[in-house]
Amino acid sequence: MVHAGSMYVIQKTERTVVELTLENGVTGLGETWGTPDVYSLAQRFAKELPGKDALNRFALRDFLGKSTYDNRFGRNGLATLAGLDLAAWDATARSLKMPLAELIGARKRESIDVVSTLPAAILTKAGTRKDLTDHLDVPANTRLVVEFALEQVRKSGFRSFKLKSAAYSPEWDWKLLNELREAMPKARIRFDPNANYGVATATELCRRLDPLGLEFFEDPTGELEGIARLKAAVKTPVATNMWVVKDEHLVPAIRRKAVDVVLGDLFMWGGIDAWRRMARTAHAFGLKPALHSVYETGIATVANLHIASALPEVEYPNDSGLHFLSADVLAEPQQVKDGSMRLPPGPGLGVTLDRNKLEKVTLETTQIGGRQP
Amino acid sequence: MAAPVSIAHTHVHSLRVASGAEALVARVLDAGGMAGFGFTLNLDAGVARDMAAWDALGRARGVPLHGLLGGSYRKTVKLVRDGVPAIPADWTALRKDILDGRHELLRIDPFAWGSVEMVQTIAAVAAAFDLCIALLAPNAHPWEIQYCAALAATLRGEDTRIIVRTDAAKEVNVSELPGIGIDWSLEPSFKKIQWRN
């Protein structure tokens with residue numbers, strides 16, 4: 001089965017896993033994007049870390065320098081920083097014998113509702129762009145997505161869904177969302193066409209969708225100005241994971257009243273403290289922070305659970321794609337039950353790497369300083 | 001974000017400090033029996049309890065406050081005499097003023113704003129709006145200055161400072177002692193407190 005969305009057809013995910021070992025022997029785990037650029041930057045940045053104090057995570061960020069991780073390398077730099085930062089937070093929490101959630105703020109919740117992504121369309125096999133559009137030209141094919149959603153309910157009790165629209169046809173999206181609402185009257189459903197509709201089309205579609213009581217429209221259009229105009233025209237909350245993705249975007253979004261929800265991705269924002277500051281600032285001005293995720297291993301998935309548990313500003317369910325992956329790297333399976341995932345017990349993230357599982361999916365390994373774990 | 005510590009016992013004691021002023025000193029015992037202390041000279045026991053809980057957590061884990069909050073931006077903090085009034089502890093008004101661009105330096109009295117969490121929230125907002133924070137030690141008491149220094153360590157912004165109403169030294173060190181880093185022996189009457197249990 002092939003899942004298609006507006007940005008890509010996903011058949012695999014590549015991630016960079018970070019192990020950061022302190023002088024006291026405690027190892028923290030981190031994870032970030034697995035693109036060649038980020039993997040390469042992770043090696044480069046990591047060379048600067050030996051000898052630094054993991055207790056001072058702010059200094060790690062400052063040491064690497066904004067011009068290095070942000071201006072020069074853009075998103076890749078921030079994502080790299082986030083992976084190393086997560087490992088430093090985990091190592092610190094493990095050293096202090098505190099759950100990561102407590103080090104971030106507090107362990108307020110033991111289980112966090114998670115969102116199951118729904119593809120725009122489900123094809124029986126990989127094909128061409130024309131195969132996809134031919135499929136989307138058949139209105140009856142929406143039922144495959146509805147059936148897939150109901151299967152997620154039966155298997156894992158999901159109560160929250162994100163429809164990844166292909167933005168091929170407003171009529172397809174309107175029909176599919178109506179069918180999803182009819183099939184799951186109480187479900188939280190978010191709609192994400194990744195800003196592939198123009199402002200006028202998106203606004204018209206979202207107005208028609210208003211009566212469905214969706215959880216929010218995620219990036220129904222772009223950019224910040226366009227999404228602000230759409231927000232002013234609809235009743236359903238509007239979220240973004242595309243136009244407010246770093247420190248500098250937040251204040252303009254607050255001033256423009258552009259969105260209701262900042263669906264922040266830990267790896268876009270550049271780490272735990274940056275995400276926490278975003279959440280506090282957004283919440284202070286009436287915006288709701290929520291956790292975005294793509295297809296991450298259990299490490300980042302669990303990190304997001306800790307963040308959601310720690311910060312009372314987070315009210316929406318977490319995005320999660322772990323349940324779609326055929327393999328993970330953790331010894332403890334992270335499962336979705338009754339639509340939620342539980343925080344693992346124990347200090348730090350509360351998880352351990354399964355080296356056999358890791359080895360099976362490893363493409364490349366680099367060790368920087370110190371001894372082999 | 002109250003300190004993530006399981007509190008077994010808490011007690012607040014009224015104390016006459018050397019200057020003649022009245023202080024409230026709080027002691028928190030965590031579930032493991034570790035004691036933490038906090039104080040205030042503005043007679044809001046909540047501030048003292050919040051401080052004491054963070055102190056207990058830091059002492060129990062063997063790390064200074066900044067280690068718990070994420071890190072430290074500085075080892076010393078500027079101490080500046082400044083007569084400008086602190087911003088009243090009114091979050092709604094402050095947010096409006098920030099949006100209206102009425103501040104370049106947020107003069108915050110952490111004892112009036114009530115908690116470490118509140119200061120951290122203001123700090124996040126200040127960072128987003130590229131504003132610096134000045135923490136007011138309202139009575140210029142050494143404990144107040146030390147607590148302000150512990151908080152100031154965690155605040156971004158090169159113009160972060162502590163403000164006092166009287167002449168003072170030019171800077172103060174951030175303590176690396178576990179907890180909130182206050183030298184309680186500076187007030188001899190502290191030792192005489194009879195804590196229950």
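Where in chain B does His103(B) lie? His103(B) is placed in the loop between α3 (91-99) and β5 (105-108) of chain B.

## Basis of the report

This is a predicted model, in which local features need pLDDT of at least 70 and side-chain atom pairs count only at pLDDT 80 or more, while totals for chains, interfaces and linings use all residues. Residues are numbered from 1 along each chain as its sequence is written, chains are lettered from A and ligands numbered from 1 in the order in which they are written, and side-chain values use heavy atoms, with hydrogens and water left out.

Helices (H or I, at least four residues) and strands (E, at least two) are DSSP runs, numbered from the N terminus.

## Two places in chain B

His103(B) has a relative accessible area of 18% and is therefore buried; buried means under 20% relative accessible area, exposed over 50%, and partly exposed in between (1.4 Å probe, protein chains only). Not counting residues up to four places away in sequence, His103(B) touches Ile87(B), Leu94(B), Asp97(B), Ile98(B) and Leu131(B), where contact means heavy atoms within 4.5 Å.

Helix α5 of chain B (residues 116-128) has 13 residues and should span 18 Å at 1.5 Å a residue, which agrees with the 18 Å between its end C-alpha atoms. The expected span is 1.5 Å times one less than the number of residues. Ten of the 13 residues of α5(B) are buried, among them Val116(B), Met118(B) and Ile122(B). After α5(B) comes Asp130(B), with a positive phi near 60°.

## The interface of chains A and B

The contact involves 25 residues from chain A and 27 residues from chain B. Between them, the two chains bury about 2,400 Å², 60% of it on carbon and sulfur atoms. Of the area that chain A buries against chain B, 26% is supplied by Phe58(A), Arg280(A) and Phe285(A), more than any other three residues. Buried area is the accessible area (1.4 Å probe) that two parts lose on being put together, summed over both.

Eleven residue pairs are in polar contact across this interface (both at pLDDT 80 or more). A polar contact is a pair of N or O atoms within 3.5 Å; within protein, one must be able to donate a hydrogen and the other to accept it, and residues adjacent in sequence count only if both atoms are side-chain atoms. On the side of chain A that touches chain B, α13(A) gives the largest share, six residues. The count of salt bridges between the chains is zero; a salt bridge is a side-chain nitrogen of Lys or Arg within 4 Å of a carboxyl oxygen of Asp or Glu.

## Salt bridges in chain A

Over all chains, the whole structure holds 34 salt bridges. One of them joins Glu218(A) to Lys162(A), with the closest N and O atoms 2.9 Å apart. This pair links distant parts of the chain, since Glu218(A) is in strand β8 and Lys162(A) in strand β6 (residues 160-164), 56 residues apart. Glu218(A) is buried, at a relative accessible area of 1%, and Lys162(A) is buried at 3%. Both residues belong to a network of salt bridges that also includes Arg188(A), Arg190(A), Glu215(A) and Asp319(A).

Asp273(A) and Arg277(A) form a further salt bridge (3.1 Å, N to O). Both lie in helix α13 of chain A, four residues apart, about one turn of the helix, and both are buried.
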